[in-house]
Amino acid sequence: MLAHQEQRDGAYRHIRVQANDDGFGAEITGVDLAQPLAPTTLDEVKRAWARHSVLWFPDQPLTIEQLEAFTLQIGPYGVDPFVRPMPGHPNVLEVRREPEEKSRAFGRSWHSDWSFLDRPPAATLLLSKITPPVGGDTLFADGQRAYESLSATLRRLLDGLQAIHSARRSYGPEGSFAKDKERHSMPIITSKDAEASRTHPLVRTHPATGRKTLYINPVYAIGIDGMADEEAKPLLDFLFARMLEERFIYRHRWRQDMLTMWDNRCTMHYADGGYDGHRRVMHRTTVAGERPV
Ligand code: SIN
């Protein structure tokens, strides 16, 4: 509702914003991302992003260089460990799956990008280059409304907790990628470095809006500081289940040349697969984030 009101009231003068009814996710049109955006336009894009967490821009046939240039307008590049970047483009990953591939699609578990880093990326930008005729959706979960749906008593408890994040289950020597013997068309790197862990507040505050959000995900959040596993696991599982209730999910359907930009600080996402026998190719960048607080 608020989004429609913002549109009516002329809060956006340089872009068109068509938000989902619950405010989570919005389509942005009236802008050409191949050109540098005027400061007022860029401000509006950033404001819409802070408000709606997931933005998609249809009909943006960007070259890799144009994707890089737009990413840098949002902010400096983030760090992308464990996947080798595209040759000649150290900050661009190619998310590719070939028709005959049998391995699990990259990103096919609920996660927030690289949350095990000291400063996880604020944004991820994903540009669809080859879109399969069926499947290939990306699902997003809204950590802010999930947090706000909890009782005040539970929120008070969670506000004081630190979650433990690690890449070990995915990229460690014993992790899922190391154990997967299927051919993978993405250059994934598995390493002992993935064994490291660090804590982040289980509830973080969005730097642009001051809104609180659950900041955990089932891939990288492996425990809660100061709690035994048998205490932490049921609590984390309860919170994951809450975040994954249908009312907090947006299913994103891709079209060719669509750019989607999401906020890793307050969302999780999931690559849904369902396109075996077809090729899917995306170009992906990240924007650096702050240390979660
Ligand atoms: C990702 O998790 O970054 C990839 C999402 C997707 O391919 O839909």
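## Ligand site and overall fold

A polar side-chain atom of H269 is placed 3.0 Å from an oxygen atom of the ligand. This value, like those that follow, comes from a predicted model. R280 and R284 also place side-chain atoms by ligand oxygen: for R280, the distance from a polar side-chain atom is 2.8 Å, and for R284, an N or O atom of the side chain lies 2.9 Å from an oxygen atom of the ligand. The ligand taken alone would expose 260 Å², and the protein buries 100% of that area.

| Residue | Side-chain atom | Distance to a ligand oxygen atom |
|---|---|---|
| H269 | polar atom | 3.0 Å |
| R280 | polar atom | 2.8 Å |
| R284 | N or O atom | 2.9 Å |

Two elements each give two or more residues to the shell around the ligand, namely β14 (267-271) and β15 (280-287). The residues surrounding the ligand are V95, G107, H111, L126, T138, H269, A271, R280 and R284. By class, this shell comprises 3 nonpolar, 4 polar and 2 charged residues.

As to the overall fold, the protein contains 8 helices and 15 strands. Its radius of gyration is 19 Å, close to the 19 Å that the globule rule gives for 293 residues, and the protein is therefore as compact as a globular protein of that length. Along the principal axes, the C-alpha atoms fill a box of roughly 50 × 50 × 30 Å.

Methods. Residues numbered from 1 in each chain as written. Predicted model: local features only at pLDDT ≥ 70, side-chain atom pairs only at ≥ 80, totals over all residues. Heavy atoms only, no water. Near = heavy atom within 4 Å. Polar contact = N/O pair within 3.5 Å; in protein donor to acceptor, adjacent residues only side chain to side chain. Areas by Shrake-Rupley, 256 points an atom, 1.4 Å probe, with all protein chains shown as cover. Helix = DSSP H or I, 4+ residues; strand = E, 2+ residues; numbered from the N terminus. Nonpolar A, V, L, I, M, F, W, Y, C, P; charged D, E, K, R; others polar. Rg over C-alpha atoms; globule rule 2.2 N^0.38 Å.
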